[in-house]
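Look at the model first, then read the points below.

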Amino acid sequence: MSNLSVGIVGLPNAGKSTLFNALLGRQIARAENYPFCTIEPNTGVVEVPDERLSVLARIEKSKQIVPAVVKFVDIAGLVKGAAKGEGLGNKFLAHIRECSIICYVLRSFADSNVEKAGSINPRSDLEILKTELMLKDLETIERILGEKVHPDDKKEVLRHQTAEKTKKILDQGKMPVSEEWNDNERTVLQSFSLLTMKPYLVVFNIGEEDFENLDKIRTDFSDWDVIPISAKMEEELAELEENERREYLKSWGVKESGLVLLIRKAYEKLGLVSFYTAGEKEARAWTVEKETKAPQAAAVIHTDFEKGFIKAEVVDYNTFVQFGGWAKCRSLGKTCFKGKDYLLQGNEVVEFKVSC
């Protein structure tokens, strides 16, 4: 499983950079210890909030806690015409291509001190952003349709047919990611690297006064499954200690920060889950797609583990906590050994047995 990266996209002055700066305020200090080769100026690495880790660490007396992480990429403000190179369109459209999921940030607040720079309203703004991605993908599809096809080559024929189907969808102003595809088509689509095949989230950058109207916002835009976030509030939260954050959120009548909600929604959208390893050295969270086979999950820890995989000792997190860790769970027969075909469900504590 590749590392989770979220591309933040929005029109100029939508509050996208304010949100990103808030994320930077929460960036883990020693990013070089995590599996990202280079942390660019427009990239932030943020811990995935997970209360289970501290529980596991306490039970196993772990020396350190290592959470899963999310990489956020601040894609410079797109403008109408980006697909044709307006602004710095081509460069930043390429950045989007490298992300796992797109986060559209739409302005939903009024501020006379902030120029809207073409922003009209959330619905029209989203259409502008999606249209630019569609236009860029149409360029890609047109190029593929221009390739010579040998009728007796099944792969070439399928490639061409999939491109034709994609073009029809884009011409209708629809996003291919929302359409039905069979497994063979999806394999071909991966080779196209289309921007509009990426899953996406919709964030409303709201003003603090809008927290009283959250239910109405969610109802009015129920077709989008909107995530309301106050970028300004997130920036203020980033400067607070954990206890202060909880009190601050409580004062606004919300249970969790926008960042936590955004990460959780990204996990859901991508079908990701966490499994845990816990011992004296560390308690750690690992991210995989749900129902990843045990050897491939082991490879997330170390690539050699997949080849040397023997079996996995697995126990449900709640059971692990209830009976107080590995030793007790093993003595009571609460753990079980799983082979190469076992599919991880998430929320499990795992110890892999491998041959070196």
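**Helix packing and a buried serine**

H5 and helix H6 (residues 183–192) pack at an angle of about 80 degrees, with their axes 10 Å apart. H5 is therefore roughly perpendicular to H6 (a label for angles of 65 to 115 degrees). This is a predicted model: local features need pLDDT of at least 70, side-chain atom pairs count only at pLDDT 80 or more, and totals for chains, interfaces and linings use all residues. Residues are numbered from 1 along each chain as its sequence is written, and side-chain values use heavy atoms, leaving out hydrogens and water.

**H5 with H6**
- From H5, Leu158, Arg159, Thr162, Ala163, Lys165 and Thr166 meet residues of H6 (contact means heavy atoms within 4.5 Å).
- Their partners in H6 are Asn184, Glu185, Val188, Leu189, Ser191 and Phe192.

**H4 with H5**
- Helix H4 (residues 122–145) packs on helix H5 (residues 154–171) at about 150 degrees, with axes 9 Å apart.
- That angle makes H4 roughly antiparallel to H5 (over 145 degrees).
- Residues of H4 in this contact include Met134, Leu138 and Ile141.
- On the H5 side, Arg159, His160 and Ala163 are among them.

**Ser230**
- Ser230 lies in the loop between strand S7 (227–229) and helix H8 (231–237).
- Ser230 counts as buried because its relative accessibility is 2% (buried means under 20% relative accessible area, with a 1.4 Å probe and protein chains only).
- Leaving aside residues up to four places away in sequence, Ser230 touches Asn205, Ile206, Glu208 and Phe211.
- Gly258 is 28 residues from Ser230 in sequence, yet their C-alpha atoms are 7.3 Å apart.

Note on methods. Axes are lines fitted to C-alpha atoms, for helices over the stretch in contact, and angles run from 0 to 180 degrees between N-to-C directions. Helices (H or I, at least four residues) and strands (E, at least two) are DSSP runs, numbered from the N terminus. Angles under 35 degrees count as roughly parallel, over 145 as roughly antiparallel, 65 to 115 as roughly perpendicular and the rest as oblique. Buried means under 20% relative accessible area, exposed over 50%, partly exposed in between (1.4 Å probe, protein chains only).
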